[in-house]
Amino acid sequence: SSLVRSILICALAFALAALWPTPGFLLLLKLLAITLLIGIAFLLLGEFSAAEPLLNQAMEIAEKDKLIHQQIRTLYYLGDVNRRSADYNAALDSYRQARELALETGDMEMLPAILGDEGVIMYLIGLLLFNRRFETV
């Protein structure tokens, strides 16, 4: 069923891309809108929450077999799933664990992506705290 939902979402994205004529620079806006639509569709269908248990299982296997690179990737993907579910503290925790493991082991392939997404999460948390501060005044 997950495969069927994914195919339908991809077909919708393709149809939008093909049927929505966009000149020049507006193409970037079109691509952004379609990308957001895909993410929202998967979120509404619960695909991200379904991924978390599988990623936790993958992490257990990677830890058991001492597969450091896979551990870093899995922690990074857990951060992505939590970010898309708006669980920013869990996302930040996953990104931090991935960063620390990468630095500790010298496996730097994922480090730029990890640092970038960790920064985005810190920014989002900062915005939430800033907005709450002014809501209570």
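Colleague: Is Asp-80 buried or exposed?

Modeller: This is a predicted model, and in it Asp-80 has a relative accessible area of 14%. Asp-80 is therefore buried, because buried means under 20%.

Colleague: With which residue does Asp-80 form a salt bridge?

Modeller: With Arg-84; the closest N and O atoms of the pair are 4.0 Å apart.

Colleague: What is the relative accessible area of Arg-84?

Modeller: The value for Arg-84 is 38%, so this residue is partly exposed.

Colleague: Let us turn to Arg-83. What is its salt-bridge partner?

Modeller: Arg-83 pairs with Asp-117, and their closest N and O atoms are 3.1 Å apart. This pair links distant parts of the chain, since Arg-83 belongs to helix α4 and Asp-117 to helix α6 (residues 111–135), 34 residues apart.

Colleague: Are Arg-83 and Asp-117 buried or exposed?

Modeller: Both of them are buried.

Colleague: And which residue does Arg-99 bridge to?

Modeller: Arg-99 forms a salt bridge with Glu-118, with the closest N and O atoms 2.8 Å apart.

Colleague: Which residues are joined into one network?

Modeller: Asp-80, Arg-83, Arg-84 and Asp-117, through salt bridges that share partners.

Colleague: How many salt bridges are there?

Modeller: The count comes to six.

Methods. Residues numbered from 1 in each chain as written. Predicted model: local features only at pLDDT ≥ 70, side-chain atom pairs only at ≥ 80, totals over all residues. Heavy atoms only, no water. Salt bridge = Lys/Arg side-chain N within 4 Å of Asp/Glu carboxyl O. Buried < 20%, exposed > 50% of the residue type's maximum accessible area, 1.4 Å probe, protein only. Helix = DSSP H or I, 4+ residues; strand = E, 2+ residues; numbered from the N terminus.
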